[in-house]
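Please report on the pockets, the cavity and the helix packing of this protein model.

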Amino acid sequence: MKTFKILYNQNKLHSEITKEASYTDQKNELSLRVVFNGSESYTIGKRTVTVFPGNFLILNDGTSYDRAIYSDVLANTFAIYFSPGFLRDFQYGYSSSDRKLLDDPMSKNITGPTTFLETIYPCKGDIKYNLLHLIDHFNGNADELLLDDYIYHALLLFYRLYEKEVLYKSSRLGASNAGTRNELFKRLTLAKDFMLSNYSQDISLDDISQQSCLSSTHLFRTFKQIYNCSPHQYLMQIRLDNARHMLKSTNYTLNEIVSLVGFTCPSTFIKLFKNRFHFTPGTYRNLVA
């Protein structure tokens, strides 16, 4: 089932619920793409990323991509396409001082980014709940002005998240040259996206190193600088977070979940899950059932 709506200001909303879909040679405005159940894969140039629940993907205006859904469960996906005019007005208001906005409220001269790092971002906290409310109102055929409020806040929350996840984290890298620092951060996000997209597979440090075009030693040292953990610890967090989602929203057995998220030993999984969430998997499932 697909639902598509163009608002009065040319922002667009697209919801899709399906187990199988494939789209090639796609190109749109700046878009935010979130998955609430199942998964959705994107091929962008030579790389493929998969978005799972708990994350969203940003694609810039004009980026070419292929998109596919192949899922054992119904995949619930949602996208916001921000019109250039809306994005320009938002950026001017976001980046300008109150004095400038009072003196020249209709200016189109903007500063700051209008393109963003095309990577997977965490969909948690305020931005998650804002998107959930937006989807509810979208499905309920709410007034366009109300939908626009939620779209505005989604973009505002993304800008704040971008400052935290990209601008602040990249500044923590030790490289003194800005160009070197930016390139290193981009390669580290390739490592992060590879783990987020392939967490259920048997992944080694060498695999991650190869995907990010960094030596294993350089990857280990710099990854820890910006994510405060090793690549292996980050991978374990991804697996446990996805296991928690499956325990809450699917009927998979515990042994099936252990296998689906990439663990081989149920006892190790149970121990790690309890250490992270303070409940055994069985207790957690009973609490959220």
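## Second largest pocket

The second largest pocket has a volume of about 450 Å³. A pocket here is an open set of points on a 1 Å grid over the protein atoms alone, with protein on both sides within 12 Å along at least five of seven lines. Grid points are joined across faces, edges and corners, and a volume is the space filled by probe spheres set on the points. The model is predicted: local features need pLDDT of at least 70, side-chain atom pairs count only at pLDDT 80 or more, and totals for chains, interfaces and linings use all residues. Residues are numbered from 1 along each chain as its sequence is written, and side-chain values use heavy atoms, with hydrogens and water left out.

The second largest pocket is lined by 22 residues. Lining residues have an atom within 4 Å of a point. Gly38, Ser39, Phe52, Ser71 and Met246 lie nearest the centre of this pocket. At least two lining residues come from each of β4, β7 and α8. β7 gives the most, with 6 residues. Helices (H or I, at least four residues) and strands (E, at least two) are DSSP runs, numbered from the N terminus. The lining divides into 10 nonpolar, 10 polar and 2 charged residues. Ala, Val, Leu, Ile, Met, Phe, Trp, Tyr, Cys and Pro count as nonpolar, Asp, Glu, Lys and Arg as charged, and the others, Gly among them, as polar.

## Largest pocket

The largest pocket holds about 970 Å³ of space. Its lining has 37 residues, of which Gly54, Asn55, Cys123, Lys124 and Asp241 lie nearest the centre. Elements that give two or more residues are β3 (31-37), β8 (120-122), α3 (125-139), α4 (144-171), α5, α7 (216-227) and α8 (231-249). α8 gives the most to this lining, with 9 residues. By class, the lining of the largest pocket has 17 nonpolar, 9 polar and 11 charged residues.

## Cavity

The structure holds 1 cavity of 30 Å³ or more. A cavity is a set of grid points where a 1.4 Å probe fits but cannot get out. About 50 Å³ of space lies in the largest cavity. His14, Glu16, Arg33, Glu40, Tyr42, Arg67, Thr77, Phe78, Ala79 and Tyr81 line it. Two or more of these residues come from each of β2 (12-27), β4 (40-44) and β7 (64-81). β7 gives the most, with 5 residues. The cavity lining has 4 nonpolar, 2 polar and 4 charged residues.

## Helix packing

Helix α1 (residues 84-95) packs on α4 at an angle of about 55°, with the axes 12 Å apart. α1 is therefore oblique to α4. Axes are lines fitted to C-alpha atoms, for helices over the stretch in contact, and angles run from 0 to 180 degrees between N-to-C directions. Angles under 35 degrees count as roughly parallel, over 145 as roughly antiparallel, 65 to 115 as roughly perpendicular and the rest as oblique. In α1, Phe86, Leu87, Phe90, Gln91 and Tyr94 meet residues of α4 including Ile151, Tyr152, Leu155 and Arg160. This contact of α1 with α4 has 9 nonpolar, 1 polar and 3 charged residues.

The axes of α5 (residues 178-198) and α6 (residues 205-212) come within 8 Å and cross at roughly 130°. α5 and α6 are therefore oblique to each other. Arg187, Leu190, Ala191, Phe194 and Met195 of α5 make the contact with Asp207, Ile208, Gln211 and Ser212 of α6. Contact means heavy atoms within 4.5 Å. By class, the contact of α5 with α6 has 5 nonpolar, 2 polar and 2 charged residues.
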